[in-house]
Structures are given as C-alpha cells and as structure tokens.
Amino acid sequence: MDSKMGNFFDSIGSFFSGGDKIPWCDRDVILECEKEVKTATDGDSEDQKKESIMRLSWALVHSRQAEDIQRGIVMLEASLASSSPPLQDREKIYLLAVGYYRTGDYSRSRQLVERCLEVQPDWRQALALKKTIEDKIAKDGVIGIGITATAVGLIAGGIAAALARKK
C-alpha cells in the first residue's frame, strides 16, 4: 500500500514538475567536449574529430541552457548534410529529437523519433523518448484544458455576479 501511495505521489510530482528521464549535462562537461573537439581538429584523425563532435553535440542538446541546445541542433543538422552510415545518422537524428524536445518543439521531435524507429523499430532509447514526448503533449493538453476551464468559470462567475447586482 505504501509503495502504491509513493508511486502515486511521485507521478503527481513528476506531472507538475515536468520531470522526464532524459539526462541533463553540466556546463563543465560541455567545456571539456569543446576542448576535445579543438584538440581533435588540430591534429587527430578525421574519425577522432567526428567522434569528438558527436560527444559535443550530445552534451549540447542535453544542456539546461537554451543557447547550448540551439548550438547542438545546428551542429547536428550540419553534420546530417554529409553522408554517413545509417546507424550514425540514426544517432544524429535521435540527438536532434532530444534537442527539439528540450526546446519545446514536440511535433518536430516526434517526427525525428519516428525516423529513428524506421531505421531500428525496437530501439529502446527512441521508444522511451517517443513515450516521453507523447506524455508531454498529453500533459500540456490537460493543462491547457484546465486553464481554459478556469477562464470560462471566472467569466461565468463575473457575469453571474454582475447580473445579481442588477437585481
């Protein structure tokens, strides 16, 4: 019984806090990834450079800073323009979906996750992100309905009060 109540309160808290299971990345990790990209650009192999850029892209789209997320999206979209193996493109598309989710563009995020699932339908990470996106869309719809209902109630109450005063 206690565990059911705990789960209930956790789900309520998660509903109002907007909690999701997507990890966040700290600024210091981003700075380390930027150093790694610079070092790789200065002399390492092309493969090492690409791996460093992918790690930096991951860190950026998982950041709490909107400008970092935007930078990650731009980097990923640019890297998708060059041809890559399908599995590498799948990773980039997934990270783009995370980035768009973090910016609040849920429809674009959902489209990208669907593209990932076309490449690998049983990919757990993409399936989890898809569920997170759908839950967020549903939650936003419920909140929108609640706000609308409250506004309608206030207007109706105001009209009723005005009519009561006239009598």
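**Salt bridges and rings: worked exercises**

In this predicted model, Arg27 and Asp68 join their side chains in a salt bridge, 3.3 Å from N to O. Local features need pLDDT of at least 70 and side-chain atom pairs count only at pLDDT 80 or more, while totals for chains, interfaces and linings use all residues. Residues are numbered from 1 along each chain as its sequence is written, and side-chain values use heavy atoms, leaving out hydrogens and water.

**Exercise 1.** Work out which helices the Arg27 and Asp68 pair links, and whether Asp68 is buried or exposed.

*Solution.*
- Start with the rule: a salt bridge is a side-chain nitrogen of Lys or Arg within 4 Å of a carboxyl oxygen of Asp or Glu.
- Next, find the helices (DSSP runs of H or I, at least four residues, numbered from the N terminus). Arg27 is in helix H2 and Asp68 in helix H4, 41 residues apart.
- Now check accessibility: buried means under 20% relative accessible area, exposed over 50%, partly exposed in between (1.4 Å probe, protein chains only). Asp68, at 4%, is buried, but Arg27, at 40%, is partly exposed.

**Exercise 2.** Classify the aromatic pair of Tyr94 and Trp123.

*Solution.*
- Recall the cut-offs: rings of Phe, Tyr and Trp (its six-membered ring) pair if their centres lie within 6.5 Å; planes under 30 degrees apart are stacked, over 60 edge-to-face, and the rest tilted.
- Here the centres are 5.1 Å apart with 55° between the planes, so the pair of Tyr94 and Trp123 is tilted.
- Finish with burial: both Tyr94 and Trp123 are buried.

Conventions
Helices (H or I, at least four residues) and strands (E, at least two) are DSSP runs, numbered from the N terminus.
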